[in-house]
Amino acid sequence: ASFGFTDVPLAEKQGLVDDVFHKVAERYDVMNDVMSGGLHRVWKDAMIARLAPPRTSRKPFRVLDMAGGTGDIAFRIVERSEGNARVTVSDINGSMLGVGRTRAEKRGLLANLEFVEANAEELPFESGSFDAYTIAFGIRNVPRIEKALAEAYRVLRPGGRFLCLEFSAVDVPVLDRIYDAWSFRVIPPMGRLIAGDAEPYQYLVESIRKFPTQERFADMIRRAGFSKVDYTNMTGGIAALHSGWKI
Ligand code: SAM
């Protein structure tokens, strides 16, 4: 099934994506739990464990959390580093960042965070300015993935780490069937019920289907210049964590 997002020209995709996230910003966190049955928390925790931000270092550990939305990844990094990390939460969408800032304030994490509205394809940061670049469930929304990867490479320092968590291709028999049914039959109606609108969730399901497989995405990361690129499947490939280094 197609809901109209599949064949939009590249130039129009960003506008549609922005509409979706402006619409869902306030309910985004609740919907994440409902739609993934809480699994997104497990995947995000695994991503932070892999990053293992240092708890002490001569200078603060600088992270750019791109498409950082309402701050889930950034908060985890600050907490796990016991305050040693300085995280720039960057997103193209001011509504998502606004929700993130309010949450950060409530948790007392503002001192370690900054919020910057920016497009992943064209970053307003100097080259070599971060120790790590993280992006969780963000890159499939970016129209020109190659440009975002090139920018990630540019803003990392030599020795810096790239980590990307994204929905991926399920490679387990039976689970793939269950996942399909969940995606096409459960998620959009549930979106209508809880958020009053099914369209953003139809977009969600479609964008996941269109995203390159684990291997193809790993190749794109290599082509952007990264070394030692690998990936780990999570929950049978429903999500995958890709890693690379700028050497
Ligand atoms: N990282 C957060 C998380 O894991 O909960 C938020 C993920 S949310 C599914 C996707 C985010 O990507 C949205 O906040 C959206 O605004 C952002 N986004 C979409 N296109 C973008 C772009 N070109 N540059 C930066 N952020 C973008």
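Analyst: Let's start with Ala67, which counts as buried because it has 26 C-beta neighbours inside 10 Å. Buried here means that 20 or more other C-beta atoms lie within 10 Å of the residue's own; 12 or fewer makes a residue exposed, anything in between makes it partly exposed, and the C-beta atoms are placed from the backbone. Keep in mind that this is a predicted model, where local features need pLDDT of at least 70 and side-chain atom pairs count only at pLDDT 80 or more, while totals for chains, interfaces and linings use all residues. Residue numbers start from 1 along each chain as its sequence is written.

Where is Ala67? You'll find Ala67 in the loop between β1 (61-66) and α4. (Helices are DSSP runs of H or I with at least four residues, strands are runs of E with at least two, and both are numbered from the N terminus.) Ala67 also has a positive phi of about 50°, although it is not a glycine. That's worth a second look, because most residues other than glycine have a negative phi. Phe137 sits in the loop between β4 and α6, and it counts as buried because it has 23 C-beta neighbours inside 10 Å.

Now for the ligand. Ala67 is one of the residues that come nearest to it, along with Gly69, Asn93, Ala120 and Ala136, out of 20 residues around the ligand. A residue counts as near if its C-beta atom, placed from the backbone, lies within 6 Å of the molecule. By class, that shell has 10 nonpolar, 7 polar and 3 charged residues. (Ala, Val, Leu, Ile, Met, Phe, Trp, Tyr, Cys and Pro count as nonpolar, Asp, Glu, Lys and Arg as charged, and the others, Gly among them, as polar.) Two helices, α1 (10-24) and α4 (72-80), each supply at least two residues of the shell, and α1 gives the most, with 3.

Ala120 is in the loop between β3 and β4, and it counts as buried because 25 other C-beta atoms lie within 10 Å. Asn119 is in that loop as well, between β3 (113-117) and β4 (130-136). Asn119 counts as partly exposed, because it has 19 C-beta neighbours inside 10 Å.

Ala148 counts as buried because it has 26 C-beta neighbours inside 10 Å. Leaving out neighbours within four places in sequence, Ala148 is in contact with Ala120, Glu121, Ile139 and Val142. Ala148 and Asn119 are 29 residues apart in sequence, yet 8.5 Å apart in space, C-alpha to C-alpha.

Note on methods
Two residues are in contact if their C-beta atoms, placed from the backbone, lie within 7 Å.
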